[in-house]
Each structure stands twice: as C-alpha cells, then as structure tokens.
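Keep the structure open as you read.

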Amino acid sequence: MSHHPSAEEETQEYIDEIRSVAGVVACALVSCEGLVMGKYFREGGLSSSLFAAMSATVLASAEAACGSVHILRPSMVTITATDATILIVSAGEVALITAVIDKSADLPTVQRQLSDIAARIGEVA
C-alpha cells in the first residue's frame, strides 16, 4: 500500500522545498484569498498572516492591472527593495508562493526555481 501524504504534509514538503532555494529567508504558501496554508518565518515580529494577505492583494492588483491593458494574468510579481526582494508567484488558480529573498541571491535563478515549484503546485491544486 502506497502512502499518500495528507494536504498538511504535502504543504510542509513544498515549504521545505521553497526554503531550500538559496537566498530564500522567509516564505509562505498562501491561498488566493490571502490565508496562510504553510509558512517559514524566523522569529521576530513578522506577521505571517498580514504578509500573506498583502501578498495576495498585490497579486490580485497585478492581475487587475494586466486585465485593464488586455494582457495575460501575471505569473510573478517582483518587489525590489535595497535590502531584499519579495517574489509573489502564482501557483495555479487557488494558491501563490510568496518569498523574501536576500539581496545577495542570484535573483533569476531563484525566480526560475520558485516558478518550477509553483507550476508543480498548480498541477495538483
């Protein structure tokens, strides 16, 4: 008999995979409604639920902006600051990956790896 992971176990496996990407310092798997499905945040005051809700809002706003100029739904939103980057990656119709990336990371590589993970999540969601 094969073991099929529960949704909670599967979510944790995705979080562990996202965390393993070089440069990711915090991350969450978030529903499109902004609810945290899974997360990794270091201790220290960051509200993962607020971060998740704001990330879902940013992606929804980007989708609206794209729709207003008749271009396809965005697959990723990148927010660049001087000390870090936030990536919000669409993972199908029901979820998104949001990650804080250290400024020293190779951003194109991180973007590609998170896009690959998001595509797999989107296939099973």
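Let's start with what α2 hides: its buried residues are Ser 48, Phe 51, Ala 52, Ser 55, Ala 56, Leu 59, Ala 62 and Cys 66. They sit on the same side of α2, because they cover an arc of only 130° around the axis (the arc is that of the directions from the helix axis to the C-beta atoms). "Buried" here means under 20% relative accessible area, "exposed" means over 50%, and partly exposed is in between, with a 1.4 Å probe and protein chains only. Helices (H or I, at least four residues) and strands (E, at least two) are DSSP runs, numbered from the N terminus.

What do the buried residues of α2 pack against? They pack against β1, β2, β3, β4 and β5, where contact means heavy atoms within 4.5 Å. On the face turned away from that buried side, α2 carries the exposed residues Ala 64 and Ser 68. The length checks out too: at 1.5 Å a residue, the 21 residues of α2 should span 30 Å, and the end C-alpha atoms are 30 Å apart, which agrees. The expected span is 1.5 Å times one less than the number of residues in the helix.

## How to read the numbers

This is a predicted model, in which local features need pLDDT of at least 70 and side-chain atom pairs count only at pLDDT 80 or more, while totals for chains, interfaces and linings use all residues. Residues are numbered from 1 along each chain as its sequence is written, and side-chain values use heavy atoms, with hydrogens and water left out.

## Just past α2

His 70 is found in the loop between α2 and β3, and at 72% relative accessibility it counts as exposed. As background, most residues other than glycine have a negative phi, and most peptide bonds are trans.

## Helix α1

Now for α1, which covers residues 7–19. Its 13 residues should span 18 Å at 1.5 Å a residue, and the end C-alpha atoms are 18 Å apart, so expectation and model agree. Thr 11, Tyr 14, Ile 15 and Ile 18 are buried in α1. Seen down the axis, the buried residues of α1 fall within an arc of 100°, so they line one face of the helix. They pack against β1 (24–31), β2, β5 (95–102) and α3 (107–124).

## Rings and a charge

How many aromatic pairs does the structure hold? There is 1 aromatic pair. Phe 41 and Phe 51 make that pair edge-to-face, at 5.5 Å centre to centre and 85° between the planes. Phe 41 lies in the loop between β2 (36–40) and α2 (48–68) and Phe 51 in helix α2, so the pair ties together parts that are 10 residues apart in sequence. Both Phe 41 and Phe 51 are buried. For the cut-offs: rings of Phe, Tyr and Trp (its six-membered ring) pair if their centres lie within 6.5 Å, with planes under 30 degrees apart counted as stacked, over 60 as edge-to-face and the rest as tilted.

Elsewhere, Arg 19 lies over the face of Tyr 40, at 3.7 Å from the ring centre. A charge sits over a ring if NZ of Lys or CZ of Arg is within 6 Å of the ring centre and within 35 degrees of the ring normal.

β1 and β2 run antiparallel and are joined by 4 bridges; two strands pair if DSSP finds at least two bridges between them. Leu 29 has Gly 38 in β2 as its bridge partner. The hairpin of β1 and β2 has 4 residues between the strands, and Gly 34 there takes a positive phi near 95°. Ser 31, in strand β1, is buried with a relative accessible area of 9%. Among the residues that Ser 31 touches are Met 37, Ala 56 and Leu 96.

The other hairpin joins β3 to β4 through 3 residues. β3 (residues 76–80) pairs with β4 in the antiparallel sense over 5 bridges, and Val 77 has Ile 88 in β4 as its bridge partner.

Ile 88 is buried, with a relative accessible area of 1%. Its contacts include Ser 55, Leu 59, Val 77 and Ile 97. The C-alpha atoms of Ile 88 and Ala 28 are separated by 9.7 Å, although these residues are 60 residues apart along the chain.

Thr 85 is also in β4 (residues 84–90) and, at 8% relative accessibility, counts as buried. Thr 85 touches residues including Thr 78, Thr 80, Val 100 and Leu 107.

Definitions and conventions
Lists of a residue's contacts leave out its neighbours within four places in sequence.
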